Amino acid sequence: MGGPQPRIGLNLKVAQKQILTPGLVQMVSVLALNRLELREMINEEMIANPVLEEVPEDAPSMEEVAQKVEANGTPDLVPGENSAENGNRDSFEEIDFGSFFRDYLDPGFKAPAGEIYEKTSFENFLSQPSSLADHLEWQLSVSKCSEAVRSAADSIVGNLNEDGYLTTSVEEIARTGGHEQGDVEAALALVQEFDPLGVAARDVRECLLIQLRTMAPESSLAAQIVSDHLKLVQNKHYREIARALDRPVPAVERAVEVIRKLDPRPGQRYNKTQPQLIEPDVFIVKTSNGYEVRLNEDGLPQLRLSRQYRRLLSDLAATREVRSYVKERCNSALQLIKNIEQRKHTIARVCESIIQRQVEFLEKGIDFLRPMMIKEVAEEVGVHPSTVSRAVANKYAHTPQGVYELRYFFSESVQGPRGGNTSLIRLKRIVKQMIEDEEPAHPLTDESIMQHLREQGFDVTRRTVAKYREDMKIPSTHQRRVKG
């Protein structure tokens, strides 16, 4: 047998590898949490780790402890704790007479703590808003139809999107649901008669026509416009519609007013998005020394290590397994407390850097928001830019100008002689103001807006103006023009 033989050897190689320890991973995740998420995470950790416990509200603060140390030279973290350890505490006080009597003696006696009444939770008084599917299924349950049509109607309700439109064809519903196509068509006609009007339509034209049949059956002109000239209505070309239908322009305008009162998204009435609850993570307040950052810690549990478990570490009667478990839990708890403190420190320093750059905004308002980059703040604070991104993510600040997301303060500067001190947010507001002040019959084009901005010292392109306009959901010049 010829050919090279495989060689087996052992090679040593030195390399550096960056590994994230569990503590670092937790620090990164804690920093990205907002106040509500942090409170939820702390509560979960307190359930999972018995060493963690919440500091009672009547416990002395760190400042009070420091004052006592200076005055007496011995800290007294918890009233009565030291005296108990020194053997001066009256053991008679530790007896729970209420539970003693309740369990063993007079059955008629009840300690005040034992008198627990089963009260109805306030959550039971809250009604859950019904969805579009719930509303349609209720109407279907009180409708007269065959079981085959009812089953097909259930399939139709399950294929409606948030706006109430049917996103699947009749043939596909029949094939996937095992229905007869005739039953699906009958079910579709049934569901389209339900409230809200226009539900289960295949497109906006059918949605508006369904509503017109019930709400304005006498307006045949409106139905004709929706059926054949909906695109011209969108562009406000009323003269062209009048010419095509051989009707006077005032009649077309009256029909368009009827169409405007229709709902192109009937399902949204029942599929409303729940508002997001926002609690400021920081307060930026003005004092005699300027603006200061105050972290909002109201409602956040203050953590400490359980003294009972700490004593187990030095208890010689405890087994080795017990001490190892308690030691591991103590290290985990200390890491969490350290990461929470690090989060507070980082957010406070980032906010102080924001205040230094945005004093004019805090004094005068949004038109004085200055350009600010994450990299600049990171260099000033002395951390990586990704750390600043996590520190401002999903967090809000209560300022003298209102509540703003911390990311709102970061914006690029505009090119041009005057653009260095102008943020993109300010430039968008200028574009919006130009469009609001334009003549409806002669709206500004993106090209003319660009020329006006360049005259003011902002070096922007027509494409940039179009992008800003689309970001603010402002229609194009063609769509904004109102013909007389």
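Asp 281 is buried, at 5% relative accessibility; buried here means under 20% relative accessible area, exposed means over 50%, and partly exposed is in between, with a 1.4 Å probe and protein chains only. The model is a predicted one, so to speak of local features I need pLDDT of at least 70, and side-chain atom pairs count only at pLDDT 80 or more, while totals for chains, interfaces and linings use all residues. Residues are numbered from 1 along each chain as its sequence is written, and side-chain values use heavy atoms, with hydrogens and water left out.

Back to Asp 281. It sits in the loop between helix H14 (249-260) and strand E2 (282-287). A polar atom of the Asp 281 side chain lies 2.7 Å from the backbone nitrogen of Arg 35. For a polar contact, the cut-off is a pair of N or O atoms within 3.5 Å; within protein, one must be able to donate a hydrogen and the other to accept it, and residues adjacent in sequence count only if both atoms are side-chain atoms.

What else does Asp 281 touch, not counting residues up to four places away in sequence? The list is Asn 34, Arg 35, Leu 295, Asn 296, Arg 343, Asn 394, Lys 395 and Tyr 396. Contact means heavy atoms within 4.5 Å.

Asn 394 is in the loop between helix H19 (385-392) and strand E5 (396-399), and at 38% relative accessibility it counts as partly exposed.

Asp 281 also lines the largest cavity, together with Arg 35, Val 282, Leu 295, Asn 296, Glu 297, Leu 300, Arg 343, Lys 344 and Ile 347. On a 1 Å grid over the protein atoms alone, a cavity is a set of points where a 1.4 Å probe fits but cannot get out; a pocket is an open set with protein on both sides within 12 Å along at least five of seven lines; lining residues have an atom within 4 Å of a point. The largest cavity holds about 90 Å³ of space. Grid points are joined across faces, edges and corners, and a volume is the space filled by probe spheres set on the points. The count is one cavity of 30 Å³ or more.

Which element gives the most to that lining? Helix H16 (residues 320-357) does, with three residues. By class, the lining of the largest cavity has four nonpolar, one polar and five charged residues. Ala, Val, Leu, Ile, Met, Phe, Trp, Tyr, Cys and Pro count as nonpolar, Asp, Glu, Lys and Arg as charged, and the others, Gly among them, as polar.

Next, the second largest pocket, with a volume of about 360 Å³. It is lined by 14 residues, and the closest to its centre are Leu 208, Leu 230, Val 233, Gln 234 and Ile 259. Helix H10 (204-215), helix H12 (230-234) and H14 each give two or more residues to this lining. H12 has the largest share, four residues. The classes for this pocket are nine nonpolar, two polar and three charged.

Now the loop between helix H9 (181-191) and H10, where Pro 196 lies. The peptide bond from Asp 195 to Pro 196 is cis, with omega near 0°. Ala 200 is in the loop between H9 and H10; its phi is near 70°, positive in a residue other than glycine. Ala 200 is buried, at 0% relative accessibility.

Another buried loop residue is Asn 49, at 0% relative accessibility, between helix H2 (35-48) and strand E1 (52-54). Polar atoms of its side chain lie 3.1 Å from the backbone nitrogen of Val 51 and 3.1 Å from the backbone oxygen of Arg 329. Leaving aside neighbours within four places in sequence, Asn 49 is in contact with Arg 329, Ser 332 and Ala 333.

Buried or exposed, what is Gly 158? Exposed, because its relative accessible area is 61%. Gly 158 is in the loop between helix H7 (147-157) and helix H8 (170-177).

Last, the chain as a whole: 23 helices and six strands, with buried residues making up 34% of its 484 residues.
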